[in-house]
Amino acid sequence: MIHSWKSLVLCHILWPLAIHDVSSFSPSITLPSRPSIHARHQNHHRCQTGDAHGNRLLSRIRLSVVDDNNDDDGTAPDDKNLPLFIEAKDSSSRSIISDIPSSLLQSIETVRQRHFSTTATNGDASSNENLLKQLVELTNSKKSEATETFLDNCISFQQMERVPGCIATVHVKTTLIPTSDNPNEYRVLVQGSSDALLSGGLVELLSKVLAGSDTENCVTASDVLKLQPEALTTALGLQNVLTRGRNDGMASMMRVVQRQIQSLLDAQFVGGEQQFGEKNTEASIETTNVNGSERKPTVAMLLSGGVDSSVAMHLLLRQNYNVTAFYLRIWLEDELAHLGECPWEDDLQVCQSVCEHAGNVTLETVSLGKEYRERVVQYTIEEAQRGRTPNPDIMCNSRIKFGCFLEYIEKAGLDFDHVASGHYARLEDVVSPSTTTNLQKRLFRAPDPVKDQSYFLCALTQKQLSKVIFPIGMYQKSEVRELANEFQLPNRNRPDSQGLCFLGKVKFDEFLASYLGNRPGDVVDAMTGDIIGRHNGLWYHTVGQRKGIGKVMFPLATAHGPWYVVAKDQGRDIVYVSNRYDEDDFARARSEFELEDIRWISGTPPLDVKGTETDAEWSEVRFDLKIRHGPKIVQGTLMLSGDGFTGNVHLDNKDGGLAPGQYVVFYQIGTLECLGAGVISEKHWAKFLQTQHNETSTGEEQELEVKR
């Protein structure tokens, strides 16, 4: 019995190719007469898939490619005929692929047979893992295609075009190459690039499928134009493997390719001299209304998918700003480990929903993964390796959100009046005392002491702050939640994010372990010098730590706790602990410290920290201080030294843990203004460690003398 292939759905699961720069080229071929696809139900090829719990079973039916001139004699097809295995699913799936040309179906099967072993397509976890290894090997061994041999009469877009709606940043470019037997028909070459491995693989997969086979089959431009974009992942058997965002992204790639093909064909048909693709898809945003009304100020809104930035965007819209939203896709340590669940996708989908709900606000995705890895992740690793306490959140704001992103929109020619985010902080404009004409930005704490994020913004410069606005800076967190409900935001019930943005669900210790591994050393009682434990690495511990330190101490010692980490000796891999941390022995170590890399938001130190005109010394000045993010404010004095980039701080009261690398932020007493910040220096430990080293050396010498 012969059944129409139109009632069937391909079941082969092809994983995307994990590469970045991709291209594909199909050499000229002589086309045979177009084949038809016939389906036969054959018991020895038919299989059932399902489980013991009664989940829906899917039938597989083997198809063969036969020439229209051959009679169907009912015999089993030859394996050389490139059998297609198709799953009969629901009627909607059958309808979706009902118009896929046979040449594309054959091309899909050819790609699978050429690049993946049949033992890796069973769909279980082990076979998928094996298939993933094959894909990685394919990526590593991929050779550059000979794209320079195009004929003179091929037509092509002159530059890559960005694909909208993709999780990653994807660009594609289409070239049409006349077939050897029909100059009015074209083969399709798709070249593309992506900043994400999985998306790059999808581009390569699309390229190979549309190129067709070089010996058995030719996919033409007219075939490609007949394809429904949403049908591609279904035909590939990827619909249930890829996430929703990846399925949508693949369809978006297909739409861009089809649009490029149609544009090229239209221009070729009318004989135009048009330079295809000259239009920059990232051109600057229109800054005037079409009807000629008053120009709205433009804002680049940093949208994260959280409630805070979503409310901030709605407030801007209600204040008559012309808003374009930007989602920053940053670093992911190992994308191959997240092929099944993209860490960015949930956030990006929420951003898309928020923008649609707000009246289809334009949403752009900007990939800053390379920059984040170089400017934030590397800093975090290096500081931890030195035994210091890094603060990647401060670096993310100064180097990425208000650093690389500002550079990005400037280079792209996107002339926005403002850049906005959902931070809890306030900004005010003041006249610069040095010029009496130019405005300066002053940064203030938010009224919500718990949510205030001025601590994380302490490293921003006047240039970075010049265009920044914080729409929710005057609100309490509870008020922002109320506004989210009032605006009926689709994410109004979404919980606040916790932890470092680039880690997702990965714990910080696990992240450090993956990069730095273990470097064991002694845990030493700071008062007696006794070794009372063994740690796995200095980077797993911080000054003031109590929780978890007992796990690396000897059982007899833990009974004499509680123990606190009081210092770390990076040169000797020693973690010093004490059970007398609250006593006077550590009063000075917990209240006095040296600062380095002191920076001021205004660009210069406040007037009251400078000496008089006749006195070159710095003045000792009192400040409100934050030693870590949170509502706690402490008081102390700062005395600058040298060129003003270093100094000494004396706190009025002891602090819970002063660690090198930690940021200390200065606030003007009584005004909530954030003036600047500095970093706690290793000099804070220098005297303590020197004392410990001397005592240890003395003890060893005495022990040696006794033995003599």
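**Ground rules**

The model is predicted, so I kept in mind that local features need pLDDT of at least 70 and side-chain atom pairs count only at pLDDT 80 or more, while totals for chains, interfaces and linings use all residues. Residues are numbered from 1 along each chain as its sequence is written, and side-chain values use heavy atoms, with hydrogens and water left out.

**Entry 1: α8 and its partners**

I started with helix α8 (residues 307-318) and helix α13 (residues 477-486), whose axes come within 10 Å and cross at roughly 65°. Helices here are DSSP runs (H or I, at least four residues), strands are runs of E with at least two, and both are numbered from the N terminus. The axes are lines fitted to C-alpha atoms, for helices over the stretch in contact, and angles run from 0 to 180 degrees between N-to-C directions. α8 and α13 are therefore roughly perpendicular to each other. For the wording, under 35 degrees is roughly parallel, over 145 roughly antiparallel, 65 to 115 roughly perpendicular, and the rest oblique.

I looked up the handedness too: α8 passes α13 in a left-handed crossing. That term means the near helix is turned anticlockwise from the far one by less than a right angle; clockwise would be right-handed. On the α8 side, V307, D308, V311, L315 and R318 make the contact, and on the α13 side K477, V480, R481, L483, A484 and E486 do. Contact means heavy atoms within 4.5 Å. I sorted these residues into six nonpolar, no polar and five charged. Nonpolar covers Ala, Val, Leu, Ile, Met, Phe, Trp, Tyr, Cys and Pro; charged covers Asp, Glu, Lys and Arg; the others, Gly among them, are polar.

Next I checked α8 against helix α9 (residues 345-357): their axes come within 11 Å and cross at roughly 20°. That makes α8 roughly parallel to α9. This crossing is right-handed. S310, M313 and H314 of α8 touch V354, C355 and H357 of α9.

**Entry 2: α10 and α11**

Helix α10 (residues 369-385) packs on α11 at about 165°, with the axes 10 Å apart. That makes α10 roughly antiparallel to α11. I noted a right-handed crossing here. E371, Y372, R375, V376, Y379 and T380 in α10 meet P392, M395, C396, R399, I400, C404 and E407 in α11. I get eight nonpolar, one polar and four charged residues for this contact.

**Entry 3: the second largest pocket**

Its volume is about 1000 Å³. A pocket is an open set of points on a 1 Å grid over the protein atoms alone where a 1.4 Å probe fits, with protein on both sides within 12 Å along at least five of seven lines; lining residues have an atom within 4 Å of a point. Volume means the space filled by probe spheres set on the points.

Which residues lie nearest the centre of the second largest pocket? I found T389, F508, D509, Y540 and T542, out of 29 lining residues. α11 (392-411) and α14 (508-516) each supply at least two, and α14 gives the most, with three. The lining divides into 13 nonpolar, nine polar and seven charged.

**Entry 4: backbone details**

G561 and P562 are joined by a cis peptide bond, with omega about 10°. P562 is in the loop between α15 (555-558) and β21 (564-569). I also noted N320, which has phi near 70°, a positive value in a residue other than glycine. N320 is in the loop between α8 and β13 (322-329).
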